[in-house]
Amino acid sequence: MADLATEYMGLKLPTPLVLASSALSNRVDNLEMAEGHGAGAVVLRSLFEEQLEAAGTALDEELSRGAESSPEARTYFPPQRVGPHEYLSLVERAKKALEIPVIASLNCCAPGSWTEYARDIEQAGADALEVNLYSVEADPQVSSAEVEARYLEIVHAVRAAVRVPVAVKLSPYFTSLAHFATRVDAAGANGLVLFNRFMQPDISLEKMAALPTMTLSAPSEALLPLRWIAMLHGRVKAHLAATTGVYDAPGVLKQVLAGAQVVQLASALVKSGIPQLGKILQGVEDWLDKRGLGSVDAARGALSQRAVQDPGAYERAQYVHLILSQNI
Ligand SMILES: Cc1cc2nc3c(=O)[nH]c(=O)nc-3n(C[C@H](O)[C@H](O)[C@H](O)COP(=O)(O)O)c2cc1C
């Protein structure tokens with residue numbers, strides 16, 4: 001039987017599957033269920049910078065409007081929101097209930113005194129912190145260099161505030177993602193979580209209004225983190241965590257072969273239920289056994305850009321070849 005034990009940012013995980021920060025990871029019974037079905041760690045739902053700056057009311061209204069607009073989101077975003085005190089209590093309760101590592105999550109877009117709150121989360125017992133850098137940069141006067149400098153300031157501030165490992169969850173929307181990833185790495189991040197999914201506004205033709213919506217991912221979206229994990233593996237010290245579009249054992253194995261240390265799941269478990277984790281793990285184990293690979297470590301990075309015979313497969317070269325070969 002293949003060994004699924006995984007080290008993630010210095011933490012010991014029994015398996016490489018992680019319950020992603022989501023509406024599911026807001027309740028201790030869900031976290032326990034995830035552990036029971038083989039999760040190697042859990043990431044709690046985010047606490048938002050706006051909640052910490054005590055300006056949460058407007059955000060709450062905005063979020064509830066968004067939740068009402070989409071039936072899917074209505075199902076998965078329960079109306080109750082957690083504030084800072086409830087969050088610390090969630091961390092404490094999760095730690096008491098679980099043996100696997102509990103990773104807390106802060107969702108933010110600008111540096112501020114709120115970063116000190118990271119220390120309280122650490123004291124509440126979190127084994128690590130995931131910092132989700134999430135902003136929609138709409139001001140044409142603000143350059144990408146300024147945005148990146150602001151993000152790095154956040155990473156430095158959180159890194160300085162705590163001793164536990166810090167993972168940084170990024171969006172894919174950087175002009176030079178590889179460069180920025182290496183800067184986050186140099187700023188002391190122990191993990192890079194690739195990628196964030198953004199709430200995307202839609203337009204209702206009936207209501208003649210813009211509607212914030214958040215839908216579950218589709219399996220095809222997994223190709224985006226797959227490429228970047230393959231390209232960053234071996235080029236940054238930080239461990240790489242894949243998130244977006246992973247639904248099954250092949251999906252997990254592909255990310256691991258590209259170089260992911262762990263694979264996070266949200267949509268698949270919202271859709272099929274947390275016990276799905278067990279089925280996915282069984283599939284991963286079966287495949288490793290069939291290939292004669294004794295452990296998940298033996299598979300990790302075997303198809304990263306550095307390891308494959310044709311590194312161009314992950315870059316533009318392959319794009320040109322594919323486009324020119326299409327004749328419809
Ligand atoms: C209902 C729901 C709530 C989410 N809440 C958060 C959150 O609070 N913080 C966060 O960093 N990501 C959040 N996410 C994003 C997930 O952690 C994950 O990165 C994303 O959904 C892509 O993975 P998936 O394809 O497995 O869903 C949420 C996702 C869903 C579906």
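Leu19 sits opposite Leu265 of strand S13. Strands here are DSSP E runs of at least two residues, and helices are H or I runs of at least four, numbered from the N terminus.

Strand S12 (residues 239-243) also runs parallel to S13, joined to it by 3 bridges, and Ala242 has Val263 as its bridge partner in S13. S13 (residues 262-265) is covered on both faces, with Val262 and Gln264 buried on one side and Val263 and Leu265 buried on the other. Buried means 20 or more other C-beta atoms within 10 Å of the residue's own, with C-beta atoms placed from the backbone.

## What the model is

This is a predicted model, where local features need pLDDT of at least 70, side-chain atom pairs count only at pLDDT 80 or more, and totals for chains, interfaces and linings use all residues. Residue numbers start from 1 along each chain as its sequence is written.

## Around the ligand

The shell holds 23 residues, and Ala20, Ser46, Ser217, Ala266 and Ser267 come nearest (near means a backbone-placed C-beta atom within 6 Å). Strand S6 (102-108) and helix H11 (267-272) each supply at least two shell residues, and H11 has the largest share, with 3.

Conventions
A residue is buried if 20 or more other C-beta atoms lie within 10 Å of its own, exposed if 12 or fewer, and partly exposed in between; C-beta atoms are placed from the backbone. Two strands pair if DSSP finds at least two bridges between them.
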